[in-house]
There are 2 protein chains.
Amino acid sequence: MKAVYFDGEKMILDKNYLEPNSGETLVRVNLAGICGTDLEIIQGYMEYDGILGHEFVGTVEKSDNSKLIGKRVVGEINAGCDKCDYCEKGMERHCPDRTVLGILKRNGAFAEFLSLPEKNLHVIPDSISDEQAVFVEPLAAAFEIEEQVPLQPQWGVAVVGDGRLAQLIIQVLKLKCSNITCFGRHKTKLQSLVNGGTKIKVGIDSSDEQSFDLVVDATGSNSGFTDAMKLIKPRGTVVLKSTVASKEHLNLAPAIINEITLVGSRCGLFKPAIDALATGIVSVDFMVDSVFSLESFSDAIEHAKKPDTLKVFLKP
Amino acid sequence: MKAVYFDGEKMILDKNYLEPNSGETLVRVNLAGICGTDLEIIQGYMEYDGILGHEFVGTVEKSDNSKLIGKRVVGEINAGCDKCDYCEKGMERHCPDRTVLGILKRNGAFAEFLSLPEKNLHVIPDSISDEQAVFVEPLAAAFEIEEQVPLQPQWGVAVVGDGRLAQLIIQVLKLKCSNITCFGRHKTKLQSLVNGGTKIKVGIDSSDEQSFDLVVDATGSNSGFTDAMKLIKPRGTVVLKSTVASKEHLNLAPAIINEITLVGSRCGLFKPAIDALATGIVSVDFMVDSVFSLESFSDAIEHAKKPDTLKVFLKP
């Protein structure tokens, strides 16, 4: 099959990559999305090598569950051991022996086929398009915040960052909190937020400091943590969505003096994300940027790296 | 009056320091405690200069409230502006314009007299000795954890550190959680914990990693944060009690990947601490080390710095 894999140094298109043969459910990939994490992996984050891609929609080709065959599906990306306490609680996302689609010890979605355990798959209703369905995975990561933090409607909320994930997070937080300010950098990206009723700011001024009850760092950059710590009120909560933000010299003293709660947040469950797309309470159509063939993966990645680009897709 | 002050570089005994004359309640200091924070301030932390000391018990000399005169009191160390949202909610601890006894813009307790707003003072029942009363302030900081984190009895809890604050924290957590392990370094200090039913370990081995639901860093050292991150389970909570731990190169990526919640924790309210000492559910007598005169402050500080020393007092 055709597949784009990362050999630890560079991305390579292989037209004769071995098809998955794991006994898991086999899915033909209809469309895959390029995510910030993919761009980080190409920089060496996670020390992953293999087929990249963890945002996808596909059609089931082979499965022990015959009812699934021919169905259009998306898939939870963490596959657990099915034995540990985490797996028993439905938290395969934290199984110490997990594999993660296109991220950790498991080939991903930038290929004609992928395989996943049957229980990871969710059938997608016809009302959700392929492009929309690819957003289920990042949208689930946005809904994860709601699972971890008891959101209060009266809170003043700041989202630092204006990228793809930030825009999904803002929409999800809007369902509970009306007073949201986005601190961004890119005018094109910010325009869609203004239309959605979110206040936007480029740069933090002194009146913003220590004035938000909840701050989400969704920058994917080193400055995000520092900015979030400037914005948060004493006793407030900062949600950390950027693993990149963690690699520089950080000063946690203000978090202790001001009794800040920092919440690390990663993948979420798919169901609330699918429901939100099916009912239309979250909109992703304005985030569709462009579709590239698998053969044009290199152009696609270069395009995805540009600051004003929204979601870029690969079509096998 | 006699007072020991820090001039930004060194500690100085002044026998003719001006008595407080603020119009606040005037307290004659019976006994003051030396805390890890005092030792940090002497190293330059907080950029404070003035009279040190924030743990004390004293007798009211002058007050607008005549009922207080002659009463034995301890005092909340944060004094707010009485106007902001935090002060209105009883959270003077987070008032942006606060002063803090012996720490921030307010002379402390290593002196014959100190002053505080009347509302900061709590009368101490006769059943609590002077030595015990000095522990109210650090014990309140231990109870603060309970106010911030909903403790679950079935949790496995680790406390990193075996110093004065760690020992108070362990006793407070024991009131809700029976399964507590202390990771320490100093055998003398650890002995008292064994007697209290706490498991003790010197050094972390692989079976300890990612195995605790709650970890409290009470080391006051750089290694505490790193050790806490090793011990905490995915989705667990780490309470940060050490401002020192924040100054080195920290990697927050594991906190995001494992969705750890980090809770900065500082001062607490005094009432639960006073009640705990009055009813005897927390014991501090074994932590009394030695009493020095104010004139011997230099010896007292050197003694307090030694790793196996428990609480050292200054008596004006």
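This is a predicted model: local features need pLDDT of at least 70, side-chain atom pairs count only at pLDDT 80 or more; totals for chains, interfaces and linings use all residues.
Where in chain B is the place of B:Asn222?

View 1. B:Asn222 belongs to the loop of chain B that runs between β14 (212-217) and α7 (223-231). With a relative accessible area of 33%, B:Asn222 is partly exposed, because that value lies between the limits of 20% for buried and 50% for exposed residues. B:Thr243 is 21 residues apart from B:Asn222 along the chain, and the C-alpha atoms of the two are separated by 9.2 Å.

**View 2. The buried residues of helix α7 in chain B.** In α7(B), the residues B:Gly224, B:Phe225, B:Asp227, B:Ala228, B:Met229 and B:Leu231 are buried. The elements of chain B against which these buried residues pack include the strands β11 (156-160), β12 (179-183), β14, β15 (232-240) and β16 (261-264), and the helix α8 (253-257) is also among them.

**View 3. The buried face of helix α10 in chain A.** Helix α10, which spans residues 297-305 of chain A, has A:Phe297, A:Ala300, A:Ile301 and A:Ala304 as its buried residues. Viewed down the axis of α10(A), these buried residues fall within an arc of 95 degrees, and therefore they line one face of the helix. An α-helix has 3.6 residues a turn, so residues three or four places apart point the same way.

**View 4. The relation between chain A and chain B.** Chain A is superposed on chain B, with an RMSD of 0.0 Å, by a rotation of 180 degrees with a shift of 0.0 Å along its axis. This is the relation of a two-fold axis. The same surface serves both copies, in that 100% of the contact residues of chain A recur in chain B.

Technical notes
Residues are numbered from 1 along each chain as its sequence is written. Chains are lettered from A and ligands numbered from 1 in the order in which they are written. Side-chain values use heavy atoms; hydrogens and water are left out. Copies are superposed by least squares on the C-alpha atoms of residues with pLDDT of at least 70 in both. Contact means heavy atoms within 4.5 Å. Helices (H or I, at least four residues) and strands (E, at least two) are DSSP runs, numbered from the N terminus. Buried means under 20% relative accessible area, exposed over 50%, partly exposed in between (1.4 Å probe, protein chains only). The arc is that of the directions from the helix axis to the C-beta atoms.
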